[in-house]
Amino acid sequence: MKYIFLFVLFAGEFFFGYTDEQNDDPAPYLAYIKNQFSPCVGVLIHQQWVLAAAHCYLPSLKVKLGNFKKRVRDGTEQTINSVQIIRYWNLSTDASEHNLMLIKLSKPAVLNEKVQPMALPTKNFPAGTRCVISGLDWSIKNSGKHPDLRQTFTAPLLPDKECQQTKQGKVSKNRICVKFLKSFERIFMEAALAAVICKDKIQGIEVGNFLGGNIGVYTNIFHYIPWIQKIISTR
């Protein structure tokens, strides 16, 4: 919960300024994880599995997929209960190092143009690779509690040396960093910059610790591929 508070405090440095019209970007892999304390964003990686940060954990979670707009229904909306939540913390006492979890849905998601799984990475990408930073946002007319828009922009991966100079980068070995190239004015309540997508594969999940500046630190998914594949195949 500490991480979410810090994010809210400094979020004004990262996000898009208000405009009269906001587009809903194509990001059908995004999943909105609903709970009463700190809603989070995850990524659908299989019809029945969502990948997210472990600090989003609660014993009972609901996952929302498809159209997120409350006032516009298009038939793609899906809200599915979780039946199993497996944190990597279950295998390690170092929770800060392995901020990752898998959520098993009570039933397979129905795939459509707004609900599609994202492929897992097959390698690490070099510094300078331009990746898509993807997450959820509040539209201007949305005065509700939950986000209703997908938002994306591009950012390059940073060299490991620069990543290590950040506070979170120093304490985590399994991470990647991106450099935000824009100046953002808007303040959100959500961990909107939730996922790093490189070459159409999920490369990073946010660690919930944005302490100002222009660098974002993410858990490097590639390091956890054997664990992810084992859980999906055996659970």
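## Overview of the chain

The chain contains 4 helices and 12 strands, where helices (H or I, at least four residues) and strands (E, at least two) are DSSP runs numbered from the N terminus. This is a predicted model, in which local features need pLDDT of at least 70 and side-chain atom pairs count only at pLDDT 80 or more, while totals for chains, interfaces and linings use all residues. Residues are numbered from 1 along each chain as its sequence is written, and side-chain values use heavy atoms, with hydrogens and water left out.

Of the 235 residues of the chain, 54% count as buried, a word that stands for under 20% relative accessible area, with exposed meaning over 50% and partly exposed lying in between (1.4 Å probe, protein chains only). Among contacts (heavy atoms within 4.5 Å), those with a separation of 6 or more in the chain come to 70% from residues 24 or more positions apart.

## The six-stranded sheet

An open sheet is formed by 6 strands in the order E8-E7-E10-E11-E12-E9, and the pairing is antiparallel; two strands are said to pair if DSSP finds at least two bridges between them. Strands E8 and E9 (175–179) stand at the edges with a single partner strand each, so one side of each is left without a neighbour in the sheet. Direction ignored, neighbouring strands of this sheet are turned by 35° against each other on average, the angles being taken between N-to-C directions, from 0 to 180 degrees, of axes that are lines fitted to C-alpha atoms, for helices over the stretch in contact.

Strand E7 (residues 130–137) is mostly covered, since 6 of its 8 residues are buried. With strand E8 (residues 149–156), E7 pairs in the antiparallel sense over 8 bridges, and Ile133 has Phe153 of E8 as its bridge partner. E7 is also joined to strand E10 (residues 195–198) by 3 bridges, again antiparallel, and here Val132 has Ile197 of E10 as its bridge partner.

Strand E1 (residues 30–34) is joined to E2 by 4 bridges in an antiparallel arrangement, in which Ile33 has Cys40 of E2 as its bridge partner. E2 and E3 are joined by 3 antiparallel bridges and form a hairpin with 2 residues between them, while His46 stands opposite Trp49 in E3.

Gln48 lies in the loop between strand E2 (40–46) and strand E3 (49–52). Gln48 has a relative accessible area of 19%, which means that this residue counts as buried. Leaving aside residues up to four places away in sequence, Gln48 touches Ile103, Lys104, Leu105, Ser106, Lys107 and Pro108.

## The disulfides

The structure holds 3 disulfides, each being a pair of cysteine sulfur atoms within 2.5 Å. One of them joins Cys40 to Cys56, with an S to S distance of 2.2 Å. This pair links distant parts of the chain, with Cys40 in strand E2 and Cys56 in the loop between E3 and strand E4 (62–65), 16 residues apart. The link of Cys40 and Cys56 is left-handed, with -100° about the S-S bond, and both residues are buried.

Cys131 and Cys198 form a disulfide with their sulfur atoms 2.0 Å apart. This pair links Cys131 in strand E7 with Cys198 in strand E10, 67 residues apart, and the torsion about their S-S bond is about 100°, so the disulfide is right-handed. Another disulfide joins Cys163 to Cys177, and with 70° about the S-S bond this link is right-handed.
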